[in-house]
There are 2 protein chains.
Amino acid sequence: MTEPVHSTPRSTPDSPGRQPARTRRAPLTRDRLLAAAVAIVDTRGLAALTMRALAAAVDVQPMSLYHHVRNKDEILDLLVDAVFSEIELPTDDLSWRTALRLRTSSVREVLGRHRWAIGLLESRRNAGPATLQHHDAMLGIMRRGGFTVAGAAHAYSLLDSYAYGFALQEAMLPFDGPDELSDVAEGFAALVTESYPHLGEMLHEYVMQPGYSFGGEFEIGLEAVLDALERWRTA
Amino acid sequence: MTEPVHSTPRSTPDSPGRQPARTRRAPLTRDRLLAAAVAIVDTRGLAALTMRALAAAVDVQPMSLYHHVRNKDEILDLLVDAVFSEIELPTDDLSWRTALRLRTSSVREVLGRHRWAIGLLESRRNAGPATLQHHDAMLGIMRRGGFTVAGAAHAYSLLDSYAYGFALQEAMLPFDGPDELSDVAEGFAALVTESYPHLGEMLHEYVMQPGYSFGGEFEIGLEAVLDALERWRTA
DNA sequence: ACCTGAACACCGTTCAAGT
DNA sequence: ACCTGAACACCGTTCAAGT
């Protein structure tokens, strides 16, 4: 189909000055779509991200979205890539250990900021450019830090297993923050100590002690993992 | 297409007064519901688990399900608890290291057998009895193995982060098994080596070598993690 | 006690059409 | 080139009713 050549003048599509009150919408772009999707999902959760809700957020009819995106799955791919683009990549002047510590903490922080992200990872198989760029930079840090190729593979697998798994465990916690912890724990404690003695011990002697938060475990485990990586370096 | 009006003497179709040929259904139970749900999700994926599909699988109308289960969310909780019940818990006579190695391998194996499970964990906050029992037994193994209470907390957090994170990474792989790997990698290789040199190196010098499989990384990382746990034991 | 039909307020997506 | 309305084939769940 070719564009019909009709005689209406290109200028003044709607007579200027007599525009309707509604300001002319900025044309929809993938970036604006992605930003709106992130906003929805950060504030209202992954379940709230429907094509209809997203369309409303960018002030358009649902079907218009399909002009910028193949389908909903592609939006989810874009979301995951956006998350990877937020992870901070350390500068080259740092030691491998400092660099890996910084970026792994950044992974956890970003996954904490976008709590929907960890649940999305499992179903994504199309790595975006930010994701590939991220992995490449990480491998560079390791290779320069003296890891062999195979060693870097082992190290990266272990380090990311730790980062993702920790984020998953944080998402699984039956409370949202340290403040709610005691409520849950106390309602739990009686039942637990009876049927599950070791869980009860952990609860009373550790978890319910003042100052505890599961988040504190992250750095402890991370240092242990970083120690373990040493074995895969040659230099 | 209409019902065939059969005159076969096989059975009196629906003649009143006589019992219909259809054998009387076993009454629906939670266990039968759960088994049917696992079957659906194992064979057709999490998205195929709808209340309507589940109802059809147990030969009942959708609304009947709500007599045995509060809502779909409760079914998902049951699924996760069923997964935990499949994880093998080692006997008491083993060393802590052997015991933790066995059960962590079992976690990975079970999560591999039910590939939908890792994606479900993130959204579950109601631990079931099998889950609590599992955690209690694990803490018991550690305490008997000489871990302090705080040490057991550190160790369990690290060990499960590793197990879950590894399963998540396996689920994220852009191919389903080692056989498909080369197809993906080859289509990928040209693009990758150009824009992502370290990724390219990893691909050519390690991943695409004969005999590679990502799954092989599991044991390597697991031994490194088990080594790291030593620091939290007193005895 | 257990099961059901009809209905409600949603989904993602196709298709054909409008400018 | 970009947007739209109507429609289709689905969802989970409520309600009132059947045995």
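Q: Why does B:Phe218 count as buried?
A: The relative accessibility of B:Phe218 is 1%. Buried means under 20% relative accessible area, exposed over 50% and partly exposed in between (1.4 Å probe, protein chains only). B:Phe218 therefore counts as buried. This is a predicted model, in which local features need pLDDT of at least 70, side-chain atom pairs count only at pLDDT 80 or more, and totals for chains, interfaces and linings use all residues. Residues are numbered from 1 along each chain as its sequence is written, chains are lettered from A and ligands numbered from 1 in the order in which they are written, and side-chain values use heavy atoms, with hydrogens and water left out.

Q: What makes the rings of B:Tyr206 and B:Tyr212 an edge-to-face pair?
A: Rings of Phe, Tyr and Trp (its six-membered ring) pair if their centres lie within 6.5 Å; planes under 30 degrees apart count as stacked, over 60 as edge-to-face and the rest as tilted. Here the centres are 5.2 Å apart and the planes stand at 65°, so the pair is edge-to-face. Both B:Tyr206 and B:Tyr212 are buried.

Q: How many aromatic pairs are there over all chains?
A: The rule gives twelve aromatic pairs over all chains.

Q: Why is the pair of B:Tyr162 and B:Phe218 called stacked?
A: The ring centres of B:Tyr162 and B:Phe218 lie 5.6 Å apart with the planes at 20°, so the pair is stacked. This pair links distant parts of the chain, 56 residues apart: B:Tyr162 is in helix 7 (residues 149-172) and B:Phe218 in helix 10 (residues 217-229) of chain B. Helices are DSSP runs (H or I, at least four residues) numbered from the N terminus.

Q: What makes the contact of A:Arg143 and B:Glu201 a salt bridge?
A: A salt bridge is a side-chain nitrogen of Lys or Arg within 4 Å of a carboxyl oxygen of Asp or Glu. The closest N and O atoms of A:Arg143 and B:Glu201 are 2.8 Å apart. A:Arg143 lies in helix 6 (residues 129-144) of chain A and B:Glu201 in helix 9 (residues 197-207) of chain B, so the pair joins two chains.

Q: Is A:Arg143 buried, partly exposed or exposed, and why?
A: The relative accessible area of A:Arg143 is 28%, so this residue is partly exposed.

Q: Why does B:Arg103 count as buried?
A: B:Arg103 has 0% relative accessibility and therefore counts as buried. B:Asp160 forms a salt bridge with B:Arg103, the closest N and O atoms being 2.1 Å apart.
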